[in-house]
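Reader: Could you walk me through the salt bridges here, with the cut-offs behind each term?
Author: Gladly; let us look at it together.

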Amino acid sequence: MDIEQKQAEHIDYFVKQASNLKGSSLRNLVVEATSHPSLFAFSEIISVPNVLELEGTENAAFLDLLRMFAHGTWSEYKSVASRLPPLVPDQVLKLKQLTVLTLAETNKVLPYDVLIQELDVKNVRELEDFLINDCMYVGIVRGKLDQLRRCFEVQFAAGRDLRPGQLGSMIQTISDWLSTSDNLLVSIQEKIRWADNMSEMDKKHRKGVEERVEEVKKTLSFKLQTVSRPTPSSEGMKRSFPNMV
């Protein structure tokens, strides 16, 4: 079962659970969802009306925590940790995994020094163990560890929840890509037409050359036949002086 299908099943489960809970009873659900080893998307849970109702209440910090897991990183959590519920080890692991996904959104080559700082790991060995066991093995990223260049080359990274306002930017990016693709398609079509025209011209040129070659062959053949044919005077000389032959 691929990661997208697993995500859909887990999201559906937590959305249904959240729809049946209210107020402080949502606390444990938030902790469970943000600790789940196979859940990496939280926007659908946040959009549940019962969850949104936490805003402005004594349990608002748990809504903020969900938003942190939807869009934030480990370093961002640390900067506001005093205003959010403390994390259990599974939540810390999850937020560090999500941090790798965020970094991979904008860079396909992640320097070890950046990763060590962002993930709060002690050394390269600990970093590589984390990337192998907690990221690549889980299936959220694929890539190559380059010890010589001290970097992680990202080949694939699962997507995170869209940040507020990010949808418009994504739509613009896709629109720009479509426009570029249209222009490229027009250019390719023009080159195909040019190639077709050149091919047709080449065929006509080849046909003309072949026709001229045939004309030359016919002319040479005619001249050869004319040269090899006996003339009347030579025939007369043969009859008058038979001993000369």
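Author: A word on terms: buried means under 20% relative accessible area, exposed over 50%, and partly exposed in between, with a 1.4 Å probe and protein chains only. This is a predicted model, where local features need pLDDT of at least 70, side-chain atom pairs count only at pLDDT 80 or more, and totals for chains, interfaces and linings use all residues. Residues are numbered from 1 along each chain as its sequence is written, and side-chain values use heavy atoms, leaving out hydrogens and water.

Reader: Is Glu 153 buried, exposed or partly exposed?
Author: Glu 153 pairs with Arg 149 in a salt bridge, 2.6 Å from N to O. The term requires a side-chain nitrogen of Lys or Arg within 4 Å of a carboxyl oxygen of Asp or Glu. With 21% relative accessibility, Glu 153 counts as partly exposed.

Reader: How many residues apart in sequence are the parts that Lys 22 and Glu 53 tie together?
Author: Their side chains form a salt bridge of 3.1 Å, N to O. Helices here are DSSP runs of H or I with at least four residues, strands are runs of E with at least two, and both are numbered from the N terminus. Lys 22 sits in the loop between helix 1 (3-19) and helix 2 (26-35), and Glu 53 in the loop between helix 4 (49-52) and helix 5 (60-71), so the parts they tie together are apart in sequence by 31 residues.

Reader: Which residues do salt bridges that share partners join into one network?
Author: Arg 67 bridges to Asp 64, with the closest N and O atoms 3.6 Å apart. Asp 64 is partly exposed at 31% relative accessible area. Through shared partners, salt bridges make one network of Glu 55, Asp 64 and Arg 67.
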